[in-house]
Amino acid sequence: MKALVKSRAARGLWLEDVPEPQPGINDVKIRVLCTGICGTDLHIYDWNEWAQNTIHVPLVIGHEFAGEVVEVGSNVADLQPGDQVSGEGHVVCGRCRNCLAGRRHLCAHTQGVGVNRAGAFTEYVVLPMMNVWKHPRPIPLDVAAIFDPFGNAVHTALSFPVLGEDVLVTGAGPIGIMAAVVAQFAGARHVVITDINSARLKLAEKAGIPITVDSRTQRVQEIQTMLGMREGFDVGLEMSGAPAAFHEMLANMCHGGKIAILGIPASEIAIDWSRVIFNSLTIKGIYGREMFETWYKMTVMLESGLDISPVISHRFSWRDYEKGFEVMRSGEAGKVILDWRDAV
Ligand code: NAD
Ligand code: ZN
């Protein structure tokens, strides 16, 4: 089968023929129909330091995908050929304290699909049945393909109650925008999103976020004044990984404010801890999605009218993957989709 493979320890990705994976008794074999390109895939393509230290070549990459079940192992009872599914990209150990307690998103031995094991930028992927999310009603394929980053957004946005609260989102990448949209959907009063890239801020507006802040020219404090806010934001969602964004967030939180951090900083960040202490801030790191409460919430919010599709800005055939990676690299894109429907 055709696959996008990191076959050499060098910059690039190569379209190659690889053997079709065979499911074990607890596995599900899925025909991949649609995939999303993630920042992680770009790092693997570019072969940055993280990728060099993490990826063992050769590896089929990609973890954001939707597809159709084609075969199930003999222990798999509740999934059938033809089911529309997405994949949870974190394969957990199932045996550590957190896993056994049902806190699988806190497993310390996570294996990443398309990072530590064969990925989804290909015709068929095999996953343990526990990692397969069946869509109870068919949804648009491109939306199903981005359940992984949508899940990051939902996990972060719903980490703290947002009903009636003022929410500050720093970083209007695809995940920041989806988180802002979710916070709004969940009943926040004001949702304010910042970025330093005009294309991203425009995309946020298009997705329905009315208050966007260009951090190059505008201060969040001014927006607070404009909105008549007096005590600061109740909830902060850090989605940029940028030190400057985090500093400005810390300076604009109310006393007792709560911050969920998904954005991954490139290196250590020094912060004013006395502000955290004297303002009684809560800071929570977020990794991945809750298995499978986040998935449930994603599905039912879509059923209740949440629309995340505006965040999808580009669609390419799998054959044109180079174009997809190029547009990702430009920073002008939202989510970029690769369509694999005609690959088989
Ligand atoms: P992205 O890189 O597309 O978006 C980040 C955005 O932050 C960009 O639009 C960038 O212009 C903006 N930004 C940079 N400096 C800024 C500043 N000073 N102020 C405001 N905005 C600024 O990333 P994404 O795909 O949307 O993901 C969001 C973040 O979450 C990334 O850091 C990513 O690495 C991280 N991530 C974490 C997890 C996890 O499990 N913790 C999972 C997926 C992604
Ligand atoms: Zn575990």
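Axes here are lines fitted to C-alpha atoms, for helices over the stretch in contact, and angles run from 0 to 180 degrees between N-to-C directions. This is a predicted model, in which local features need pLDDT of at least 70, side-chain atom pairs count only at pLDDT 80 or more, and totals for chains, interfaces and linings use all residues. Residues are numbered from 1 along each chain as its sequence is written.

Helices (DSSP runs of H or I, at least four residues) are numbered from the N terminus, as are strands (E, at least two). The axes of helix 5 (residues 147-157) and helix 6 (residues 174-185) come within 8 Å and cross at roughly 50 degrees. Helix 5 and helix 6 are therefore oblique to each other, a class left over once angles under 35 degrees (roughly parallel), over 145 (roughly antiparallel) and 65 to 115 (roughly perpendicular) are taken out. The contact (heavy atoms within 4.5 Å) involves Pro149, Phe150, Asn152, Ala153, Val154 and Ala157 of helix 5, and Ile175, Met178, Ala179, Val182 and Ala183 of helix 6.

Around ligand 1 there are 21 residues (a heavy atom within 4 Å), of which Ile175, Asp195, Arg200, Ile286 and Gly288 come nearest.

| Residue | Ligand 1 atom | Distance |
|---|---|---|
| Proline 174 | oxygen | 3.3 Å |
| Isoleucine 175 | oxygen | 3.1 Å |
| Isoleucine 286 | nitrogen | 2.8 Å |

Two cis peptide bonds lie elsewhere: valine 57 to proline 58, with omega about 0 degrees, and methionine 291 to phenylalanine 292, with omega about 5 degrees. Proline 58 is in the loop between helix 2 (49-54) and strand 4 (59-60).

Notes:
Chains lettered and ligands numbered in written order. Heavy atoms only, no water. Polar contact = N/O pair within 3.5 Å; in protein donor to acceptor, adjacent residues only side chain to side chain.
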